[in-house]
Amino acid sequence: MTGDDIADFKSLKDNPEGFKDHKKTLLIPEMNRIGCRLLAASFRAFDVDARVIPTGKGLDLGKEYTSGKECYPCMITLGDILSFLYDEKERLGNNFDAGNYTYFMPDASGPCRFGMYNRYQRMVLDSIPSFTDIGITSLSSDDGYSLAGVIGKKEIRQVRKIGFLSVVTGDILDRLLWKIRPYEKSPGMADEFIDRAICSMERTFEGYGSDRNIDNVLRRLDMIIEEAKKIKDPAIPPKPKIGVIGEIYLRSHTIANQDLIKTLEAYGAEVVNASITEWVNYTAYDALRKAKTDLSLNIKQHRYANMLSCLKDIVRFGLVFFYQERVQKHVYRHVRELIDIEEDHAIGDMENILKEEDLFSFDIGTEACLSIPAAIEYVRHGFDGVVNVYPLTCMPSTITSAVIRPVMHRAKIPYLDTPYDATAQPGRESDIRTFMYQAYQHKGNKHN
Ligand code: SF4
């Protein structure tokens, strides 16, 4: 596949719709640092004034405007947007107008509270008179995050493509960092290198809208990887491999998870975290799956009038899913020729694992569908331990823990639950240290 095959963008400059018409600033909350910055750069490629809002410093505001029953990510993201708006108000004085901003908060249906974040945050923003005019953009995972309602219809296809590529590229840069940091020649080299790599990749994405060529991104990745390899000290022996699963926000947001990956690395781990693309692919796969189920129900019940819309959905979501997997495989294949970063999990394989092991079902939904088979894949790929990270009281991750813990026990794989809230857990570090001791034993036993 060439860049031209998958990147037939038409610049938004030729189609003046969406944010740039309104001159609004699109505010993206930070979840995974690299991917969010590349996503904002992707929007900027199409003249949308997008920026990632600073995260963490508004936590006290988040606590002030929540009751404690909300999920921890809701508290953090609410604090981030409030803190940003208060700062902007102070900076701009009388020129501040909340109507100049649109806040990007994805939506999801199902049994999880995630679908309520943006509704609750809307209520809070409406309760503060100078913030009521801010818009909230919500994308429902029902339609595989179609971007409908965020930008003009004509641009959806183009922005989806570059946005998806930014997510995949963000995952790869994360995996590169986790691959080199445990083996860096001197402390801090890998982090400092990745900070520079993010900036250069942002510039590549900002220029992407004009020439619409994936090859520029791949070339930039090549250069970054070749430089990154020089940071590794070949004298450091391989370390135990730890796979991280869990709730997407907590496992991606380093402040929320109190820098879990770095703590694991400090005790001698090489870590692979589940990717963001995994969730994006899952939403498209799940929408396709539901459309197929609806079709077969309508056939059984002789409701022929509904069948056409089911068929349309099957084609629509099928194409989206096929496109995403194709691009992801293409980029990973390219990168893995240069460095052996971990392959990403394929969603179809994950559903098959659940069926084979008879542990859970995609019919139930939630991130447990991904976390349970991901843990099993880590075991099958020879990892030395699995960590489940999640917000305290998170329903899908609690289910994951209940299902996967006995499986890990039977497989004799060290396993650790790490729930987080806004407090410091006194025994957490000793838990991690003990877990890493077991992981080293596991790695040693494999060679005896
Ligand atoms: S996945 Fe967990 S943390 Fe996220 S909204 Fe659902 S219950 Fe809350």
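## Model and conventions

Helices (H or I, at least four residues) and strands (E, at least two) are DSSP runs, numbered from the N terminus, and in these terms G99 sits in the loop between α5 (72-92) and β3 (101-104). The structure is a predicted model, in which local features need pLDDT of at least 70 and side-chain atom pairs count only at pLDDT 80 or more, while totals for chains, interfaces and linings use all residues. Residues are numbered from 1 along each chain as its sequence is written.

## Overall fold

The protein has 18 helices and 8 strands. Of its 448 residues, 46% count as buried, where buried requires 20 or more other C-beta atoms within 10 Å of the residue's own, exposed 12 or fewer, and partly exposed a count in between, with C-beta atoms placed from the backbone. Two residues are in contact if their C-beta atoms, placed from the backbone, lie within 7 Å; among contacts between residues at least 6 apart in sequence, 75% join residues at least 24 apart.

G99 is exposed, because 12 other C-beta atoms lie within 10 Å. Leaving aside residues up to four places away in sequence, G99 touches D133 and I134. G99 and T25, 74 residues apart in sequence, are 9.4 Å apart in space, C-alpha to C-alpha.

## Helix α18

Helix α18 (residues 428-446) has 19 residues and reaches 27 Å from its first C-alpha to its last, close to the 27 Å expected at 1.5 Å a residue, the expected span being 1.5 Å times one less than the number of residues. Its buried residues are I432, F435, M436 and A439. They lie on the same side of α18, because they cover an arc of only 105 degrees around the axis, the arc being that of the directions from the helix axis to the C-beta atoms.

The face of α18 turned away from this buried side carries the exposed residues S430, G444 and N445. The cover over the buried residues of α18 includes β5 (241-246), α12 (260-266), β7 (385-391) and β8 (415-420).

## Helix α15

In helix α15 (residues 347-357), the buried residues are I347, M350, E351 and L354. Their arc of only 100 degrees around the axis puts them on the same side of α15, whereas G348, D349, N352 and E356 are exposed on the other side. What covers the buried residues of α15 includes α13 (277-300) and α16 (368-380). Just after α15, D358 takes a positive phi of about 55 degrees.
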